[in-house]
Amino acid sequence: MDVRSTPSSLYWLFCQFELITCSYLMEPWEKVLFYSFNLAMVGLLLYAAYVCVLLHASSAFQLLCSFLGSPRENALSAVK
């Protein structure tokens, strides 16, 4: 990928985003509100995904460790 074409490709993607969302029709103060709301929602979505992935990964790791543990401990936990 050519480094010189990166800014122009990012500008092209931004223009596509503006066309899809029709934000090119908005006034500047409306754009600020719209973009800040969208960025906040993307940030919250990424944070929630990060937290959920860590929670599920730790639960899966604990389950895997319990399966790979000693058979005596597994038998005792099944009786309890």
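I started with helix α1, which covers residues 6–21 and has 16 residues. From its first C-alpha to its last it reaches 22 Å, close to the 22 Å expected at 1.5 Å a residue. The expected span is 1.5 Å times one less than the number of residues. Helices here are DSSP runs of H or I with at least four residues, and strands are runs of E with at least two, numbered from the N terminus. After α1 comes cysteine 22, whose phi is positive, near 60°.

I noted the limits of what I am reading. This is a predicted model, where local features need pLDDT of at least 70, side-chain atom pairs count only at pLDDT 80 or more, and totals for chains, interfaces and linings use all residues. Residues are numbered from 1 along each chain as its sequence is written, and side-chain values use heavy atoms, with hydrogens and water left out.

I then listed the secondary structure of the protein chain: three helices and zero strands. Along the sequence the pattern reads α-α-α.

I looked up the UniProt record, an unreviewed entry, which places a "transmembrane region" at residues 32–55. Such annotations may be inferred rather than shown by experiment. Over residues 32–55 the chain is 100% helix and 0% strand, with the end C-alpha atoms 34 Å apart.

I searched the whole structure for disulfides (cysteine sulfur atoms within 2.5 Å) and found zero.

Cysteine 52 counts as partly exposed because its relative accessibility is 40%. Cysteine 65 is also partly exposed, at 39%.

Last, I noted that buried residues make up 4% of the 80 residues in the protein chain.

Terms used. Buried < 20%, exposed > 50% of the residue type's maximum accessible area, 1.4 Å probe, protein only.
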